[in-house]
2 protein chains.
Amino acid sequence: MQGAQLIRVSERDNVAVVAAEPGLAKGALTEFGVEAREPVPAGHKVALEPIPRGGAVIRYGAVIGRALQDIEAGGWVREELLESPEPPPLDSLQAPAAAPPRGEPLEGFWFEGYRNADGKAGTRNVLGITTTVQCVAGVVEHAAERIRRELLPRYANVDGVAALTHSYGCGVAIDAPGAEIPIRTVRNLALNPNLGGEVMVVSLGCEKLQPARLGLPGEEPFLVRLQDDGLGSFESMVARVLELAERRLERLNARRRVRCPASDLIVGLQCGGSDAFSGLTANPAVGVAADLLARAGATVIFSEITEVRDAAHLLAARAPSPEVVEDLKREFAWYDAYLARGGADRSANPTPGNKRGGLANVVEKALGSVAKSGSMPLDGVLPPGEQARGKGLWFLAGPASDFICGTLELAAGMNVHVFTTGEGTPYGLSMCPVIKVSTRTALARRWPDLIDFDAGRIAGGSITLEQAGWEMFRLILDVASGRKTWSERHGLANDLALFNPAPVT
Amino acid sequence: MQGAQLIRVSERDNVAVVAAEPGLAKGALTEFGVEAREPVPAGHKVALEPIPRGGAVIRYGAVIGRALQDIEAGGWVREELLESPEPPPLDSLQAPAAAPPRGEPLEGFWFEGYRNADGKAGTRNVLGITTTVQCVAGVVEHAAERIRRELLPRYANVDGVAALTHSYGCGVAIDAPGAEIPIRTVRNLALNPNLGGEVMVVSLGCEKLQPARLGLPGEEPFLVRLQDDGLGSFESMVARVLELAERRLERLNARRRVRCPASDLIVGLQCGGSDAFSGLTANPAVGVAADLLARAGATVIFSEITEVRDAAHLLAARAPSPEVVEDLKREFAWYDAYLARGGADRSANPTPGNKRGGLANVVEKALGSVAKSGSMPLDGVLPPGEQARGKGLWFLAGPASDFICGTLELAAGMNVHVFTTGEGTPYGLSMCPVIKVSTRTALARRWPDLIDFDAGRIAGGSITLEQAGWEMFRLILDVASGRKTWSERHGLANDLALFNPAPVT
């Protein structure tokens, strides 16, 4: 067989998706023992069993709609045969009688990480320099560059310097509703486990976001205030930052990697530049890895509220308690109101291109994104900017913008990032390794020095979803132990992007 | 005399402000021939002539309120003696019978600049690399660093490379109301005169903000699209950016400074980290320079809508036509609605600290900021992100946030930036020289390698406002001709910050 013809994500699915280009010919026999009744284009669904009129069409293990007429096994389940479901109102969401099963605990997996004083583990050993306001960014970036050049060569166990610059801190409505989000994000970024608990803050002095408001723990002196009388001249500011940095470098450098259980991982998931294969290969493979991570006791965070909003009822169906459903409802309602206040238009979802690619409706589209989260119970919901509060699977209720999502996952405590991409993006972060996963083999071949994992092999038939998930799980452990990803090798790092729903002034 | 005791900004003023610390003693004779009737603290106002009950209190040449009781010459004009004016509703604003006089044209002033093909003039010769989306920022910054290191040494007439990275372009509600602001800002930044008209764009490929939407002129090929099939590997992306950059460096390098009239200047004004002396020394001195620039035919842009909103009626009184007043009303109303939608609170203005410092009400505070704009007619109002459309004095209706304001002034076409500061800030930009002006001599002494102009000498009495204004006018011409400011010498540059009033998604 030349490549997998059909991909079925869950054993409960009664449809599978045609993976091979350009599609199935009429009469083609497939690996699920069904024969195509008509030509079915690649990316589209074929029925694996007869689906009666009114019967559920199941993909990703979830009902994506009901058949408007009888569909034979091997039939093309196209958009017009599917009843477009009305989005259930948020107040109708409720916890299920039983959440999905958790699967067997997975023992004996570990990585070599850095153990922090608070008990968390880092996968990198990075000096972070927190900033309270954009005014200091120029000085801090200048100082960070000098630290890299002049100090770092003497501290071989330190992986790098992350200048946590951003565009918040002054010229903003700091007491308006929503301002707590960027503020707690700045705070929690400083506490990311990859920064080793060695907090260091550079402030201007007169900014609205005063350092005390961050409530950061830290041994004094951990703060440089550029307007302090003691700091005459630009040179002395830079010298002071270097002096504080060096004390931290000495301590960071004394650390060594130790064996940490896989349960110390906090893995943030994201997709960006998605294509028709995202929901077929990369995202479901990440979903398999997410289940393995959850079974191993790790924390898994998925996010992108814009992408999953239309599958709200299916997330609720994975909630082990009514509290989780209430948290989901609150966060979704807040975000709906945020978009409505700004006049954002959700009506173009899915796009004509999505439909041509085989996505019948918004629920199916959302499930392609949610597929990253696997099939485990949803243990909790994180408001944007907050730290993850437990093990298992967490939904971070933030925007899908790659950089905002990445920043919020860092604030949540992410120590390994898994990023799936179809169109391709040279994404990278300075605080955390990013494993970039391509949905197609063609992209992995075109960008051999950017893509870390080729999930396109699933469509090619050389590997199953299950195998890909296990391979990714092992890669996550390797990367957590210090194996460098492509963006790290190039030193590619995008800037942080804070989510500030409040006005600037 | 040990320092100027009193500062009067306009000859029309019937109050002056005590400059000397800690203030005037009772009975002290001042340079305006009045004797203090009571102790008046520094930063506070003293009456220069008797002001009857109901009479206008005039500062910055404008009525800041009415006396609630008779005030003697030499009396302390404190907050509780002043009727707090009700802010005039926007629809009451109207053009005056006669705008203020324009002053004599000032001939014969020039600078050495770079003449661009479109007739504008640059004060620097910088290679700008426009980006459509944050996804490409890591690659572009990596490439820019290599251009600086490997190419720039061979192109001695080129001042630098500006990577125009930002956090817009995808993950945003690109069709929501207000989205036109960041989009036209990205476009107009690329056309800033200091970039010589040599447009070059790096795009990812799948982003919402497609390069065509920017409508940039440019000789093909001026675009690198990272997802293009031709670009296999990260290394080839960087190589392609370097290749395009080098063609532009060759052309930029062939340019030479030529004599340009002062009317080619587009000077952007801003204040940040203000203190009680901002409205006494630095801002009024910049105002004198602004008048000189306007008389010389240059374009002067001031902004910071949050700071000047409460002086709307006084801006309207400088409008030479009803159209300018309508433009002001439209922009102020839009911004009022933007703040109200986000629940921003304007009621804390002025702050208790402002009042202790001598600011009686919001109008007086706003006038301290508006003082930068001098006394000339207000020739036009620029919506945020648009290019300046003419000579004379323009109000840019954008937020006061230092970095958003600077970015919007760059998009308007600014080729010299004047930035006044009281508390001090190490502000800098990569595309344009920034002249940093201190309000106090103490700051200029503490930061000798950051402050370019000490306006504190006015309070010290060693220079008059008029002299300071002329000195600043001449410094602007020198800097425009290539004299480096402190932030340029250190290579200090803050990131661009786009004003996006629409939601992220």
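What distance separates the centres of domain 2 of chain A and domain 3 of chain A, taken over C-alpha atoms? In this predicted model, the centres of these two domains are 29 Å apart when taken over C-alpha atoms. Chain A as a whole is divided into domain 1 (6-86), domain 2 (126-253) and domain 3 (260-490). The contact between domain 2 and domain 3 of chain A draws 13 residues from domain 2 and 13 residues from domain 3. On the side of domain 2 of chain A that touches domain 3, two or more residues are given by each of strand 11 (126-131), strand 12 (160-164) and helix 2 (180-190) of chain A, and helix 2 of chain A contributes the largest share, five residues. By class, this side of domain 2 of chain A comprises six nonpolar, six polar and one charged residues.

The two chains also meet, with 61 residues of chain B in contact with 61 residues of chain A. On the chain B side of this contact, at least two residues each are supplied by helix 1 (137-151), helix 4 (234-253), helix 8 (322-341) and helix 11 (402-412) of chain B, and helix 1 of chain B gives the most, with four residues. The side of chain B that touches chain A is made up of 31 nonpolar, 20 polar and 10 charged residues.

Helix 1 (residues 137-151) of chain A has 15 residues, which at 1.5 Å a residue should span 21 Å, and the 20 Å between its end C-alpha atoms agrees with this expectation. The buried residues of helix 1 of chain A are A:Ala137, A:Gly138, A:Val139, A:Val140, A:His142, A:Ala143, A:Ala144 and A:Ile147. Their cover includes strand 11, strand 12, strand 13 (201-203) and helix 4 (234-253) of chain A, together with helix 15 (486-490) of chain B.

In chain B, helix 2 (residues 180-190) is largely enclosed by the rest of the structure, because eight of its 11 residues are buried. These buried residues are B:Ile181, B:Pro182, B:Ile183, B:Thr185, B:Val186, B:Asn188, B:Leu189 and B:Ala190, and they pack against strand 11 (126-131), strand 12 (160-164), helix 3 (211-214) and helix 11 of chain B.

A further helix pair in chain B is formed by helix 5 (residues 278-295) and helix 10 (residues 362-370), which pack at an angle of about 35° with their axes 8 Å apart. B:Ser278, B:Gly279 and B:Asn283 of helix 5 meet B:Leu367, B:Gly368 and B:Ser369 of helix 10 in this contact, whose residues divide into one nonpolar, five polar and no charged.

Turning to the sheets, three strands of chain A form an open, antiparallel sheet in the order 10-9-15. Strand 10 (121-122) and strand 15 (258-261) of chain A stand at the edges with a single partner strand each, so one side of each is left without a neighbour in the sheet. Strand 9 (residues 110-115) and strand 10 of chain A pair over two bridges, and A:Arg115 has A:Ala121 of strand 10 as its bridge partner. In chain B, three strands form an open, antiparallel sheet in the order 1-2-5, where strand 1 (6-7) and strand 5 (45-47) of chain B are the edge strands, each with a single partner strand. Strand 1 and strand 2 (residues 15-18) of chain B pair over two bridges, and the bridge partner of B:Ile7 in strand 2 is B:Val17.

Notes: Residues numbered from 1 in each chain as written. Chains lettered and ligands numbered in written order. Predicted model: local features only at pLDDT ≥ 70, side-chain atom pairs only at ≥ 80, totals over all residues. Contact = placed C-beta atoms within 7 Å. Nonpolar A, V, L, I, M, F, W, Y, C, P; charged D, E, K, R; others polar. Buried ≥ 20, exposed ≤ 12 C-beta atoms within 10 Å, placed from the backbone. Domains from an automatic or database assignment. Axes fitted to C-alpha atoms, helices over the stretch in contact; angles between N-to-C directions. Expected span 1.5 Å × (residues − 1). Pairing = 2+ DSSP bridges.
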